[in-house]
Amino acid sequence: MLQKVEKISLDGFWELKNSEKSVEIDAQVPGTVFEALLDNNIIEDPFYGENEHDMIWVYESSWFYEKEFNLDPEFLEHKHIILRFNGLDTIAEVNLNGELIGSTNDMFIRYDFEVKSKLKGSGNQLKVKFKSPTLEALEYIKKNNLGLNTGYAAIPGVPYLRKAQYSFGWDWGPKLPDIGIWKSVEIIGYDDLKIKSIYTYTKFNYNKESIKTNDKEDHSESRTTLVNLFVEIEFVSKLENISNLGYKLKVILRAPTNKVFVKEISLTSKKETIEFIVEKPFLWWTHDLGEPNLYQLENSILKEDVVETIIQKIGLRDIKLIREADKWGETFYFLLNGIPLFAKGANWIPVDSFIPRGRKLGLYSMNLNYAKKANMNMIRVWGGGIYEDDIFYELCDELGIIVWQDFPFACAIYPFHDDFIKTVKEEATQNIKRLRNHPSLTLWCGNNEIEILWDPIFKHPKLAENPIKEDFKAGYIKKFEILMPELLKKYDPNHPYWPSSPSNGFVGEKLGTVNANSPDIGDSHFWDVWHRNKPFSAYREFNSRFMSEFGYESFPSLKTLARFCPKEQYDFFSPIMENHQKNSAGNQKIMDYMEKRFSIPKKFEHQIVLSQLTQAEAIEYGVEYWRRNRNENHCMGSLYWQLNDCWSVASWSSLDYYGRWKALHYFAKRFYQPIFASVEENPHQVEFWVTNDLRISCDIELDWKILNSEGNTLMKGIYNSKVSPCSSLKLGLEDVSNINKEQSNMQNNIIFYKLYSNNGKKGIIYRGFRLFDAPKFFNLRDPEISSFFEDIEGEKNNKIQFRLKLKAKKIALYVNFDSDLVDFIASDNFFSMEPNETRDIDIKIVRGLETSKDPSKQEIIKSFKIQSLYDIIK
């Protein structure tokens, strides 16, 4: 009798114990040892205070997961039964009914074990023994007499392991290497045939060769007449010939309008390709360029009945990395459906030190939705983390965010031995196949910063004169310039590959001798601001083709600090604050940069706000410059470091661990708008610019004025223009040397500007301001801000919403507000106001803090504190 492919989940509660049996508890799967210890109150919160350092025993122990399960007799009749571990972290042995069935050494690999002959109807005993990852790394160090490492902030040895590299510590993350069954476990029964893999790819038919057109007005037209969609399905079967067995393959394609396309064929081989011709297709776009339309693809094996069905969402889109010689060097940008896309976004690190917990807490949805709210269209999955969870890519597909995917290697040299490379090959193959169909996936990158760090790494005394250097070089070339491109050519030829970040491209034997961070070719990382203590103005001296990493640190909000630090240690340099700062001398650096820009207030809570403002202005300064440079595809990307945190920490993030928006995230919402205005100022002149990343042109009006600190207008003007799609336009240049003759005058002058859209009804789409010098030199006056709250009609999903109405009588710098009762998202925050300006700010409450009762709406409104720079430093 023919049986369907069946799957039985072994997720849920397992027994967990350590080798000493001092701990015997229930543990959730998927989950980790740290999660289970927390859930059972065995350990204190590792994120609190300095508790991190009391956790060494956890990751230096061996741990055993055990589960007993029963199976129906009908299930045991399947010809093939597979025990599948979707993720084991990391060094493990698997025993079934007293028999060792396999061992694992890579958290990124799915392990399948054929277990039909080892199973019984009842009382099956499944045991997974995990070794300590840090002790395993130490054994490799001793064996090789070489302490491979990812940097000063990490426990040594993690490059020997195929484990998330950040887990051993990073300059923003704790030393908490986790252990456990971090992904689902299932038993799969099948008979003659099951689906092994599905690969979708497209051929686009354009009504003109879009890459060759220079007609900027033409970007608004739809250029795609039809799309050929190919669905390649591979099957698992021990049968030599399946052509005469009556199997059929049925593929249903459902459009966003619910229109259905159906193809059905007889199965004649273990790999079949079905083609759909889709006329007038609904294309997948990033959310700023259009709709991220998704089609549903239903793939079924049929005989008398349905044997197996796999359903997935796909998008019809054409993405290319364009690298063409030009007057500066070589372009580096992405062409989406024929449109040159300026990538606006940030770098992504794992959502939690304990990754499965992050999924359960909803951190994927929270962080990615907040990225979209900040107008980001690209996320770079950084190489010190993981190939992300399926939910990450599904959310990016739905939200219209493209993904730069690093393979998980970062900032270190990696083993060159054949067994290591064999493991990497299997890991990469599985994950390429898993991720290749996501429309959000845009680029595969070999690693993070290994190429640029090659020469510094080999200046280490143990490596400088060591002949092993040539073996490591050969291993690098084999992994990142031979193996990865070969695997992608075989399994995913339609996505571009880039060997390292930053890089100029393939280097071969020249590894370590080429400037990997050239501003003229490839992508760039720029750390002169922050790591090398340069001023923000250094950003304007680096004309990157694609800025894939740059950053600046700040503290998280006071509410977040309270989750890990008692008030008596509210000081930048207290032991707990220093423990929650993993970058060497980072807190001092934050203070040093703050002092260059602001007078430092005495109150700790005010210092926190200034740290965030300094961070936000640093990143804004760079982004504005690179966005102005998008013409002729000179610079086509800005991804700051970093979007999110994996714990509560002072770091480069714009969202803290709890999803609270720092000033930078509100700034990003403004400076990543598809249409925005910016100024390039010096004491002698001011340039006014508008950048338009949309596919349509925009009629705009820019109103500007220069005031002194008393609010008197010194100069003003209006620009009216039409801004072409996908371009930047310099509206004009104003000579300000006369009003800035005296330094004291220059330091007290301020530019305010407003951008209006004249497409249809005139409306403000952007507000900005710029001082000519540091804010500490500006003569602040009490802005006399008045405020009141009013209800917003039609509250959604029982979320409390209201409108904050503000008016400033005088110049108000960096107006900001917060509540100590609730977390919220505002339509704007951390902005400046000119005299007599009004603002309407919509506020949505996202959650209350952990208090004994839910506060009333009136209590929430009363809890809001509104302040400006004047209040902070007076």
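Before anything else, one cut-off: when I say buried, I mean under 20% relative accessible area, and exposed means over 50%. And keep in mind that what you're looking at is a predicted model.

Thr-32 has 3% relative accessibility, so it counts as buried. You'll find Thr-32 in the loop between strand S3, residues 24-29, and helix H1, residues 33-39. Who does it touch? If we leave aside neighbours within four places in sequence, Thr-32 is in contact with Tyr-65, Asp-178, Ile-179, Gly-180, Phe-354 and Pro-356. For a sense of distance, take Leu-100: it is 68 residues from Thr-32 in sequence, and their C-alpha atoms are 22 Å apart in space.

Okay, zooming out to the whole chain. We've got 874 residues, and 62% of them are buried. By secondary structure, the chain has 19 helices and 42 strands. The C-alpha atoms fill a box of roughly 90 × 65 × 65 Å along the principal axes.

Now let's go to one helix, H7, which runs over residues 390-399. At its N-terminal end there's a cap from Asp-389, where a side-chain oxygen lies 2.9 Å from the backbone nitrogen of Ile-391. Which residues of H7 are buried? Those are Phe-392, Tyr-393, Leu-395, Cys-396, Asp-397 and Leu-399. While you look at that list, a reminder: an α-helix has 3.6 residues a turn, so residues three or four places apart point the same way.

What do the buried residues of H7 pack against? On the strand side, they meet S21 (343-348), S22 (378-381) and S23 (402-406). On the helix side, they meet H6 (363-373) and H8 (418-435). Then, following H7, comes Gly-400, with a positive phi near 75°.

Next stop is helix H16, residues 663-671, and Ala-663 lies in it. Ala-663 has 0% relative accessibility, so it counts as buried. Not counting residues up to four places away in sequence, Ala-663 touches Gln-612, Leu-613, Ala-616 and Phe-830. Ala-663 and Thr-286 are 377 residues apart along the chain, and their C-alpha atoms are separated by 25 Å.

Buried or exposed? At 0% relative accessibility, His-665 counts as buried. Its contacts, again without residues up to four places away, are Tyr-370, Ala-371, Ala-374, Met-376, Tyr-640, Leu-643, Ser-654 and Leu-655.

Most residues other than glycine have a negative phi, and most peptide bonds are trans.

First, cis bonds. The peptide bond from Asp-89 to Thr-90 is cis, with omega near 0°. Thr-90 lies in the loop between strand S5 (80-85) and strand S6 (92-96). The bond from Trp-641 to Gln-642 is cis as well, with omega near 10°. Gln-642 is in the loop between strand S28 (637-640) and H16.

Then positive phi outside glycine. Asn-41 has a phi near 60°, and it is in the loop between H1 and helix H2 (56-59). Asn-41 has a relative accessible area of 69%, so it is exposed. Cys-726 has a phi near 50°, and its place is the loop between strand S32 (713-723) and strand S33 (727-735). But with 7% relative accessibility, Cys-726 counts as buried.

Conventions. Residues are numbered from 1 along each chain as its sequence is written. This is a predicted model: local features need pLDDT of at least 70, side-chain atom pairs count only at pLDDT 80 or more; totals for chains, interfaces and linings use all residues. Side-chain values use heavy atoms; hydrogens and water are left out. Buried means under 20% relative accessible area, exposed over 50%, partly exposed in between (1.4 Å probe, protein chains only). Helices (H or I, at least four residues) and strands (E, at least two) are DSSP runs, numbered from the N terminus. Contact means heavy atoms within 4.5 Å. A polar contact is a pair of N or O atoms within 3.5 Å; within protein, one must be able to donate a hydrogen and the other to accept it, and residues adjacent in sequence count only if both atoms are side-chain atoms.
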